[in-house]
Amino acid sequence: MQNEEYLQGYEHWLMDLTETFGTVHHFMNVNEMTRHLPNFIDSHHFTPDAGTKIVNSIWNERSKYSGFGVTLNKDNAEAEVAKIKKEIKEAETEAYDYLAPIGLEPSYSFVPPNTEPFSAEKWQNQVFPMKLLGKKGEFQVTEGSTGGMALKPMSENQVNQNAIQAGFSLNDMDIPASEEVTFIVSLKGKTSNPGDVQLFIQDQVNGKWERTAYNTIPAEDTSRSFKVSKTIRKGAENVMVGIHWKNADSEDQWIQIDAADIY
C-alpha cells in the first residue's frame, strides 16, 4: 500500500465489490490477523487457521469476533475505505517489525552512529562496519534530520550521474553465511526515480559474483522498510550485502538509513 498505484487499485477494488454485491465482508485492513505475519503462507494466501477464523467471524461466532473485519455496503463503503486508508498510513512505520524472518534472530543489527559531516571520499571507520563499496561523484555523509545516517550528493552532475554503494562483508564481520541470507533496511529519502535505491546481496563463487537486488520506493517524511533475500551458492568465497543508489544528480536529493538487519 506504500505504492500509490496499488493503493488506488485497493480502493477501486473495494468500491467495485460493494457496487456489484451490495454487502462484502472485508478483512484486508489493518487488524490483529494482518499484523501477525505467521498468519500468511505467502503474500497472497493466509493459513487454514486464519481462514477458519474468518469463516467463524462471518457465520458461526459473530459476537466473539465483533472487532475483527469490516462489513462494507454501498452506504458505508466510502467512509470505511477512507478510514482504512488512514489506518494503513498510520501503520507504515510499523512495517519494519513485520519484515523480520519468522523465528530468526538477526546475525547483526546496524544502527548508524551520529556523525559530523564528512565526505564519502574520507569514509574509513566513521560508520564501521558499514563500508564504502564504491562511488562515482562526491557525496556528503552526516546525521539525518531525524537520526540515522544521511547520504547527499555534494554537487549537481547532469552528464555523469553520481552513484554510491555501501554495505557489509559477512566475511570481514565473521558472520557465517547460511543457505539463505536476508537483508532488511529502514530508510527514507528523495531520489530522482522510484527504484534508484536498491538493496542487494551478492555472493562470490570461483571469483564470479552473482547478485540479487530489490528496488525500494523511499518516502521523504516516513521511514519505510525493505528487504532482499538470496539463496547463497555452495562454496561461496565471500558474501556482501548493501545499498546501491544511482542517478543521484541533484543537491536536493538524499537518502537516510535508519537501521539495517542481516539474517
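## Close-up views of a predicted model

**View 1. Helix H2 and part of its cover.** What covers the buried residues of helix H2 includes strand S1, which spans 23-26. The structure shown in this and every other view is a predicted model. Helix H2 runs over residues 48-60, and Ala50, Gly51, Ile54, Asn56, Ser57 and Ile58 are its buried positions. As background to such a pattern, an α-helix has 3.6 residues a turn, so residues three or four places apart point the same way.

**View 2. The packing of helix H1 against helix H3.** Helix H1, made of residues 4-21, packs on helix H3, made of residues 77-91, at an angle of about 155°, and the two axes lie 10 Å apart. Because an angle over 145 degrees counts as roughly antiparallel, H1 is described as roughly antiparallel to H3. The crossing in which H1 passes H3 is right-handed. On the side of H1 the contact is made by Leu7, Tyr10, Glu11, Leu14, Met15 and Thr18, while H3 contributes Ala77, Glu78, Val81, Ile84, Lys85 and Ile88.

**View 3. The open sheet of five strands.** Five strands, in the order S5-S8-S13-S10-S11, form an open sheet in which the pairing is antiparallel. Strand S5 (131-136) and strand S11 (208-215) stand at the edges with a single partner strand each, so that one side of each is left without a neighbour in the sheet. When direction is ignored, neighbouring strands of this sheet are turned against each other by 25° on average. In general terms, the side chains of a regular strand alternate between the two faces of the sheet.

**View 4. Strand S13 and the two strands that pair with it.** Strand S13 covers residues 238-248 and is joined by eight bridges to strand S10, residues 197-205, with the two running antiparallel. Within this part of the sheet, Asp203 stands opposite Val239 in S13. Strand S8, residues 162-169, is likewise antiparallel to S13, and seven bridges join the two. Asn162 stands opposite Ala248 in S13. Strand S13 is mostly covered, since nine of its eleven residues are buried.

View 5. Most residues other than glycine have a negative phi, and most peptide bonds are trans. Asn206, although it is not a glycine, has a positive phi of about 55°, and Asn247, also not a glycine, has a positive phi of about 55°. Asn206 is placed in the loop between S10 and S11, whereas Asn247 is found in strand S13. With a relative accessible area of 70%, Asn206 is exposed, while Asn247, at 18% relative accessibility, counts as buried.

View 6. Pro129 lies in the loop between strand S4, residues 118-119, and strand S5.

**View 7. Ser225 and its separation from Ile184.** Ser225 has its place in strand S12, which is formed by residues 224-231. At 8% relative accessibility, Ser225 counts as buried. Ser225 and Ile184 are 41 residues apart in sequence, and in space their C-alpha to C-alpha distance is 6.9 Å.

**View 8. Ser109 and the residues that it touches.** Ser109 is found in strand S3, which comprises residues 108-110. With a relative accessible area of 40%, Ser109 is partly exposed. When residues up to four places away in sequence are not counted, Ser109 touches Ala260 and Asp261. The C-alpha atoms of Ser109 and Ile232 are separated by 20 Å, and these two residues are 123 residues apart along the chain.

Notes. Residues are numbered from 1 along each chain as its sequence is written. This is a predicted model: local features need pLDDT of at least 70, side-chain atom pairs count only at pLDDT 80 or more; totals for chains, interfaces and linings use all residues. Side-chain values use heavy atoms; hydrogens and water are left out. Axes are lines fitted to C-alpha atoms, for helices over the stretch in contact, and angles run from 0 to 180 degrees between N-to-C directions. Helices (H or I, at least four residues) and strands (E, at least two) are DSSP runs, numbered from the N terminus. Angles under 35 degrees count as roughly parallel, over 145 as roughly antiparallel, 65 to 115 as roughly perpendicular and the rest as oblique. A crossing is left-handed if the near helix is turned anticlockwise from the far one by less than a right angle, and right-handed if clockwise. Contact means heavy atoms within 4.5 Å. Two strands pair if DSSP finds at least two bridges between them. Buried means under 20% relative accessible area, exposed over 50%, partly exposed in between (1.4 Å probe, protein chains only).
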